[in-house]
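The sequence and the structure come first, and the discussion follows.

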Amino acid sequence: MSDALKVALLGAGTVGSQVARVFLEQSEEFSSRVGRPLELVGIAVKNINKPRPGIDRALLTDDALGLVSRGDIDIVVEVIGGVDPAKDLILAAVTHGASVVTANKALLSEFGPEIYKAAEHHGVDIYYEAAVAGAIPIIRPLRESLVGDEITAVTGIVNGTTNFILEQMTNLGSSYEEVLKEAQELGYAEPDPTADVEGFDAAAKAAILASLAFHTKVRLSDVSREGITAITAADIAAAAEVNGVIKLLARCDVADDGSISVGVHPTIISRKHPLAGIHGAYNAIFVESRYAGRLMFMGPGAGGTPTASAVLGDVVQAARNRVRGTFAPGLLAYLDRKITPAADAKARYFLSLQVVDQPGVLAGIAATFAKHGVSLQSVRQNESEANHAGLNLVTHVAKAGDISATITDLEQLDFVKPGIKTLRVEGA
Ligand code: HSE
């Protein structure tokens, strides 16, 4: 196949093995779609002796740098993950004239701008549909389909593990620890779940989404982040009382002064919001734009075969561009928007307090909110132990800094028990 486009694959784990399998299954079809044959010429793996059913051993190499530096590779597919050595390998591939398809959210959320600049310099493509929300087409819609619009907010459930855990807690009334253990036994959660449950995985995806939606550089370090490990069965029950469910939401929006706010937080979302109906390990991204209005994209956010679908869509597109001598739209951010300081980021908040049940308590609490300019939307009182009551309050939109100051003052009141719980609120 002398006129074939040469494809090199870096990594043959859960995603890479499925990319190789589907590539080989579909290669004739891909040739028709591209107009030239595509040939998988090498697969770089750590251990070439490990049995890999369905993969021709002759394709395997443990010299990834040698493979991407051959000089005759058209497209390098990177599905190793992590920054090191993926970053050096991608930069080497670009320098040697290869277009790159990657699923690497950690790398792009930290070093995206450097990589896009190198690709632009060498006249090659970088595609990364699989880096955010697995199989769901969201990068291309933001990068191309919606580029004639003005996106005002992107809200997503972009981590399936945490969505599964929170839903099980909601359905079973179980604790976080119980559900995590079960999820690990079933293989839904990793043995070390930190990246998922502490929100790092979702924060990397949020940085990538915000960069594209708002045409500016947003890095992982710009994203405020809070995981789900402190969520209790009582929080889930309190969310139900205000007709909501708790989801780990990635929220990207624009403040009145044009600055960008990007955060990942466990959030009470109204049951009426479309994101409330996303079940199990599914992902969804809700885009609000000035002209198109509200759009939702949903589907499998992980898994070998669904992620391979997104990767191979990029391979076919990168191959088509090579055949025609064209490139994808540029990725260099043309705006230099500021990041909203964390204390100025706005949201609605839910607060749960235990108070002594006596005259004047509610007035004192309301005065504390008023002192910091925080307006209350609803207040609900539940009986708890003798002479005590539980208060669940929802605020109107307020600044995070004003909420923190309110909590500090509430904690000084002798009729408020220690341990005020706060969650953000989204939707009606
Ligand atoms: N661990 C992620 C999730 C998938 O649970 O959704 C890969 O980003």
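Does Glu25 count as exposed or buried? With a relative accessibility of 55%, Glu25 counts as exposed, because the cut-off for that class is over 50%. The model is a predicted one, and this value, like the others below, is computed from it.

**Salt bridges**

Glu25 forms a salt bridge with Arg21, in which the closest N and O atoms are 2.7 Å apart. Both residues belong to helix 1 (residues 14-34), and because they are four residues apart there, about one helical turn separates them.

Other salt bridges connect separate helices. Lys105 forms a salt bridge with Asp201, with 3.2 Å between the closest N and O atoms. This pair links distant parts of the chain, since Lys105 is in helix 4 (residues 105-122) and Asp201 is in helix 9 (residues 200-214), 96 residues apart. The relative accessible area of Lys105 is 26%, which makes this residue partly exposed, while Asp201 has a relative accessibility of 10% and counts as buried, because that class covers values under 20%.

A further salt bridge is formed by Lys371 and Asp409, whose closest N and O atoms lie 2.5 Å apart. Lys371 is found in helix 12 (residues 361-371) and Asp409 in helix 13 (residues 400-412), so this pair ties together parts of the chain that are 38 residues apart in sequence. Lys371 counts as exposed, at 60% relative accessibility.

| Salt bridge | Closest N and O atoms |
|---|---|
| Glu25 and Arg21 | 2.7 Å |
| Lys105 and Asp201 | 3.2 Å |
| Lys371 and Asp409 | 2.5 Å |

How many salt bridges does the count come to? The count comes to 16 salt bridges. Some salt bridges share partners, and in this way Arg251, Asp253, Glu288 and Glu426 are joined into one network.

**A nonpolar surface patch**

Which residues make the nonpolar surface patch of about 290 Å²? The patch is made by Tyr282, Met296 and Met298. Of these residues, Tyr282 lies in strand 11, which covers residues 282-289. The relative accessible area of Tyr282 is 41%, and this residue is therefore partly exposed.

Terms used. Residues numbered from 1 in each chain as written. Predicted model: local features only at pLDDT ≥ 70, side-chain atom pairs only at ≥ 80, totals over all residues. Heavy atoms only, no water. Salt bridge = Lys/Arg side-chain N within 4 Å of Asp/Glu carboxyl O. Helix = DSSP H or I, 4+ residues; strand = E, 2+ residues; numbered from the N terminus. Buried < 20%, exposed > 50% of the residue type's maximum accessible area, 1.4 Å probe, protein only. Patch = residues over 30% accessible without salt bridge, like charges linked within 9 Å, V, L, I, M, F, W, Y side chains within 5 Å. Areas by Shrake-Rupley, 256 points an atom, 1.4 Å probe, with all protein chains shown as cover.
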